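Here is a friendly tour of one model, written for reading alongside the coordinates. Keep the viewer open and follow each topic in turn.

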Amino acid sequence: MILLDDVTLTYPDGEARVTAVDHVTLEGRPGVLTGITGPSGSGKSSLLALAATLVRPDSGRVVIDGVDASGLDAAARTTLRRERIGIVFQQPQLLPALTAREQLCVMAELEGRGRRARRATVRARVDELLDAVGLAAQADRRPAGLSGGQRQRVAIARALVHEPRVLLVDEPTSALDSARGAEIMALLSRLARERRTATLLVTHDVAHADALDETVNVVDGRATSLTSRSC
Ligand SMILES: Nc1ncnc2c1ncn2[C@@H]1O[C@H](COP(=O)(O)OP(=O)(O)OP(=O)(O)O)[C@@H](O)[C@H]1O
């Protein structure tokens, strides 16, 4: 679970400061895909950066799985991030020389799982994830041999290698046509449900709102409305 509790974030702007996030409270619960929508400049990316513990709020708390990240130093926040948070960026950012399977294995090694777990265990986990994102047949392909949607699927699987409790996704459909975009949104919805990951997803694209369980609309740094599919 992730809770942004009454968070405010400002940036320096000449002699003054610009308020990017203004007293926002937002919760991501296990198994729930929560969308963050709003116009350009409204503060969506800043909210995601707060959730990722990449920046500290000026006020308010960011609580991840019961741990208040706002009180931690940079090293402890990095550990928290590496253990409990997965991030999918707008562009998949894959390494050109590595196959889909290797992209995930490298991440498993970086996260220390390669040392702790037997190689065969890591390989089984990586293959299970590639299967879960529909890429079992493409596991040995490099990024150049994959479509844009397939590359984004690799990035999603890679973000889940260390079994994070929280998944943060930034505009995952912006480089895809609407059919591929809808497939990625359906995949993220299914993964959130099946893996019980609290998923926060920034999107401009209202066309994909159906896949979201909840939507927080942000305008001028403030959360103006919350819609829930279950209501
Ligand atoms: N590093 C920064 N320094 C100064 N101001 C910033 C910085 N990052 C964002 N801002 C300002 O904070 C506000 C919110 O920006 P943010 O990028 O979070 O919005 P956004 O909704 O993600 O926009 P977009 O959809 O265009 O990516 C804007 O006024 C922006 O200009």
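Predicted model: local features only at pLDDT ≥ 70, side-chain atom pairs only at ≥ 80, totals over all residues.

Two strands count as paired if DSSP finds at least two bridges between them. With that in mind, look at Leu4, which stands opposite Leu26 in E2.

- Strands of a sheet pair through backbone hydrogen bonds, either parallel or antiparallel.
- Here the sheet is open and consists of four strands, ordered E2-E1-E4-E5, with antiparallel pairing.
- E2 and strand E5 (67-68) are the edge strands with a single partner each, so one side of each has no neighbour in the sheet.
- Strand E1 (residues 2-13) and E2 run antiparallel and are joined by nine bridges.
- Where does Leu4 point us across this pairing? Its opposite residue is Leu26, in E2.
- Helix H1 packs on the sheet and touches E1, E2 and strand E4 (59-64). The direction of H1 makes about 120 degrees with that of E1.

**Around the ligand**

- Which residues surround the ligand? They are Tyr11, Val18, Ala20, Gly38, Ser40, Gly41, Ser42, Gly43, Lys44, Ser45 and Ser46.
- Strand E2 (16-28) and helix H1 (44-51) each provide at least two residues of this shell.
- H1 contributes the most to the shell, with three residues.
- Sorted by class, the shell holds seven polar, three nonpolar and one charged residues.

**Helices H3 and H5**

- Helix H3 (residues 100-110) packs against helix H5 (residues 119-132) at an angle of about 130 degrees, and their axes are 10 Å apart.
- H3 and H5 are therefore oblique to each other, since angles over 145 degrees would be needed to count as roughly antiparallel.
- The crossing of H3 past H5 is right-handed.
- On the H3 side, Ala100, Arg101, Leu104, Cys105 and Ala108 take part, and they meet Val122, Val126, Leu129 and Leu130 of H5.
- How do the residues of this contact of H3 with H5 divide by class? Eight are nonpolar, one is charged and no polar residue is present.

**Helices H3 and H6**

- H3 also packs with H6, at an angle of about 25 degrees and with the axes 9 Å apart.
- That angle makes H3 roughly parallel to H6, because angles under 35 degrees count as roughly parallel.
- H3 passes H6 in a right-handed crossing.
- Ala100, Gln103, Leu104 and Met107 of H3 meet Val154, Ala157 and Arg158 of H6.
- The contact of H3 with H6 has five nonpolar residues, one polar and one charged.
- Ala100 and Leu104 are listed in the contact of H3 with H5, and both are listed in the contact of H3 with H6 too.

**Helices H6 and H7**

- Helix H6 (residues 148-159) and helix H7 (residues 178-195) pack at about 20 degrees, with axes 10 Å apart.
- H6 is therefore roughly parallel to H7.
- The crossing of H6 past H7 is right-handed.
- From H6, the contact involves Gly148, Gly149, Gln152, Arg153 and Ile156. From H7, the contact involves Arg180, Glu183, Ile184, Leu187 and Leu188.
- The residues of the contact of H6 with H7 comprise four nonpolar, three polar and three charged.

Terms used:
Residues numbered from 1 in each chain as written. Near = placed C-beta within 6 Å. Nonpolar A, V, L, I, M, F, W, Y, C, P; charged D, E, K, R; others polar. Axes fitted to C-alpha atoms, helices over the stretch in contact; angles between N-to-C directions. Parallel < 35°, antiparallel > 145°, perpendicular 65-115°, else oblique. Left-handed = near helix turned anticlockwise from the far one by under 90°. Contact = placed C-beta atoms within 7 Å.
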